[in-house]
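Subject: Structure handover and findings

Dear colleague,

A written account of the findings follows it.

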Amino acid sequence: MAAVAASELADGEVVFVGIGLPNLACNLARATHAPNLVLIYESGAVGAVPERLPVSIGDPALVTGSLMVCGMADVFQLFLQNGRIEVGFLGGAQVDRYGNINTTVIGPYERPAVRLPGSGGAAEIAVHARRTLIVAKLNPRAFPEQVDFITSPGQRCRGTARRELGMPGAGPVKVITDKAILAADETTGEMVLAALYPGVSADEVQAGVGWPLARASRLGAVAPPSGEELRLLREVLDPKKLYLRG
Amino acid sequence: MPMREAVSRFVRDGDTVVIEGFTHLICFAAGHEIIRQGRRDLTLARLTPDLIYDQMIAAGCARKLVFSWAGNPGVGSLHAFRRAVERKTGGTAPLEIEEYSHFGMVARFAAGAARLPFWPLRNYAGTDLPRANPRIQTVTCPYTGEALAAVPALNPDVTIVHAQRADAAGNTQMWGLVGVQKEAAFASARVIVVVEELVEESVIRSDPNRTVIPGMIVNAVVREPWGAHPSYAQGYYDRDNDFYVAWEGISRDPAKLERYLDEFVRGVPDRSAYLARQPGLAARLKAKEALSAGVNYGF
């Protein structure tokens with residue numbers, strides 16, 4: 001997943017980085033095909049070059065050697081709302097048919113079965129980043145037809161398209177999973193099967209998704225990570241396997 | 001001023017209290033003193049409640065929580081918070097919540113600091129956040145007609161900021177991640193500054209661009225080295241990530257959490273006693289040196 005996410009990033013792009021797998025993907029991209037990727041963290045670090053794998057989004061290693069450190073008002077107003085963020089990475093407990101993400105509650109808001117942490121910066125990243133990439137493992141509970149709570153808006157929110165809602169960014173264009181890549185259909189906004197990992201069948205992907213999964217007109221094949229990518233991930237970027245599990 | 005006096009004079013029952021700091025410079029020392037002094041009915045506000053508000057919720061200080069991301073950063077859940085909101089057994093009294101996103105909370109502090117009633121932002125359309133929190137409203141731009149989200153000003157009764165250094169008058173300098181502390185302090189009726197080091201005014205004047213909070217808005221200055229532990233202070237000590245990981249197990253079990261509070265919060269008179277119970281912190285966490293190049297302020 002980290003290698004697939006990395007391959008979605010172009011050199012020189014400005015990326016709003018979340019912790020965990022997105023962070024690993026961005027640093028892998030920086031070490032391979034995208035040395036000029038600009039990493040911005042919501043904590044205020046701009047152009048971060050973390051010497052160790054950050055344990056949180058506010059790790060001191062993001063500050064040391066960065067290009068700029070600014071307050072959070074500047075992060076959200078001058079970078080994000082200003083339109084400077086090209087790619088936003090998001091994850092979530094639930095992702096639905098239209099790429100809406102829930103990180104707030106499982107069950108009703110007033111009396112949740114599980115209380116999740118909430119939006120953080122995810123709602124505004126989903127609104128403003130020029131495109132967002134969702135990273136999540138396939139599982140029918142994690143991919144319901146409709147999320148219990150829309151924390152971060154996708155392509156259509158309860159029937160209304162994001163453009164009609166006045167959102168500047170293109171929203172979630174791809175969902176990178178552990179078995180396949182889903183992509184937003186340009187007409188319907190629905191997440192459809194776009195590419196399979198080696199050795200994975202379309203049926204296996206469908207089993208992890210809670211709606212009848214349509215297929216893109218041309219189904220792609222995802223290349224496995226190269227030996228060099230695996231070496232970097234395992235030996236350099238995450239030697240303690242903080243994020244590389246399973 | 002000692003922490004005990006600062007909290008006793010400037011934090012009152014029923015106050016809206018902000019202890020800010022995004023992962024960095026979170027003043028656990030002040031939170032612990034508030035627990036020790038048994039403050040009640042507080043509205044606790046900050047972007048990321050973190051372990052400190054989880055502890056204050058467990059200790060029964062909070063009536064309400066205002067926030068945008070309530071997790072254990074990089075680790076998982078805040079279980080005292082979750083028990084209160086999910087109303088599970090072993091939870092404290094029900095906790096009222098008022099929830100935004102980070103941008104929403106930042107905008108609330110910006111409005112409060114500028115003494116405006118609200119702040120507009122392009123956000124929340126399509127999300128369920130305005131349904132969950134009716135204080136998130138919509139305004140129409142008088143120039144373009146565009147519908148924008150609006151969030152109300154947040155003006156705390158007291159804001160507590162941890163920083164690397166200040167002079168005796170409260171002119172406060174910090175570096176590394178500065179979060180939303182400047183806005184929170186300017187929005188607040190009272191401000192307590194807690195620092196790793198008290199320095200001469202001449203040190204502050206030698207590098208005025210680094211001053212984030214001016215002494216004129218500060219009510220109390222407390223010197224409390226390691227006062228942000230287990231969070232960190234750039235250039236002084238690293239985050240005690242082992243403790244953040246351990247909090248998962250401690251906070252999951254109400255009895256363990258009580259024992260933690262008894263041993264490390266209620267069972268110690270002050271911060272130096274807290275530190276004395278944890279020998280070896282400096283050896284484990286003291287920051288390495290990475291000095292800035294410095295600039296010429298001459299004319």
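The paragraphs below describe the contact between the chains, then the strands, then the helix packing. Please note that this is a predicted model.

Contact between the chains

The contact draws 38 residues from chain A and 43 residues from chain B. On the side of chain A that touches chain B, helix H3 (72-81) and helix H4 (122-128) each supply at least two residues. H3(A) provides the largest share of that side, namely four residues. By class, the residues of chain A that touch chain B comprise 20 nonpolar, 14 polar and four charged.

H3(A) also holds a set of buried residues: A:Met72, A:Ala73, A:Val75, A:Phe76, A:Phe79 and A:Leu80. The cover over these residues includes elements of both chains. From chain A, strand S1 (14-17), strand S2 (38-41) and H4 are among them, while chain B contributes H5 and helix H7 (181-187). After H3(A) comes A:Gly83, which has a positive phi near 90 degrees.

Parallel strands of chain B

In chain B, strand S2 (residues 42-45) and strand S3 (residues 62-67) run parallel and are joined by four bridges. Within this pairing, B:Leu42 has B:Ala62 in S3(B) as its bridge partner. Together with helix H3 (residues 50-58) of chain B, S2(B) and S3(B) make a β-α-β unit, which is right-handed. S3(B) is also joined by four bridges to strand S4 (residues 96-99) of chain B, and these two strands run parallel. Here B:Phe67 is partnered by B:Glu99 in S4(B).

Antiparallel sheet of chain B

A further group of three strands in chain B forms an open sheet in the order S5-S7-S6, with antiparallel pairing. Strand S5 (118-121) and strand S6 (137-140) of chain B each have a single partner strand and stand at the edges, so each has one side without a neighbour in the sheet. On average, and with direction ignored, neighbouring strands of this sheet are turned by 45 degrees against each other. Four bridges link S5(B) to strand S7 (residues 147-152) of chain B in the antiparallel sense. B:Phe118 is placed opposite B:Pro152 in S7(B). Helix H5 (residues 102-113) of chain B lies across S5 and S7 of chain B and runs at about 140 degrees to S5(B). As noted above, H5 of chain B also belongs to the cover of the buried residues of H3(A).

Helix packing around H10 of chain B

Helix H10 (residues 254-266) of chain B packs with helix H9 (residues 241-252) of chain B at an angle of about 115 degrees, and their axes are 5 Å apart. H9(B) is therefore roughly perpendicular to H10(B). In this contact, B:Gly249, B:Ile250 and B:Ser251 of H9(B) meet B:Lys256, B:Leu257 and B:Tyr260 of H10(B).

B:His32, B:Ile35 and B:Arg36 make the contact from H2(B), and B:Leu261, B:Val265 and B:Arg266 make it from H10(B). The contact of H2(B) with H10(B) divides into three nonpolar, one polar and two charged residues.

Yours sincerely

Note on methods. Residues are numbered from 1 along each chain as its sequence is written. Chains are lettered from A and ligands numbered from 1 in the order in which they are written. This is a predicted model: local features need pLDDT of at least 70, side-chain atom pairs count only at pLDDT 80 or more; totals for chains, interfaces and linings use all residues. Axes are lines fitted to C-alpha atoms, for helices over the stretch in contact, and angles run from 0 to 180 degrees between N-to-C directions. Angles under 35 degrees count as roughly parallel, over 145 as roughly antiparallel, 65 to 115 as roughly perpendicular and the rest as oblique. Two residues are in contact if their C-beta atoms, placed from the backbone, lie within 7 Å. Ala, Val, Leu, Ile, Met, Phe, Trp, Tyr, Cys and Pro count as nonpolar, Asp, Glu, Lys and Arg as charged, and the others, Gly among them, as polar. Two strands pair if DSSP finds at least two bridges between them. A crossover is right-handed if, with the strands pointing away from the viewer, the path from the first strand over the helix to the second runs clockwise. A residue is buried if 20 or more other C-beta atoms lie within 10 Å of its own, exposed if 12 or fewer, and partly exposed in between; C-beta atoms are placed from the backbone.
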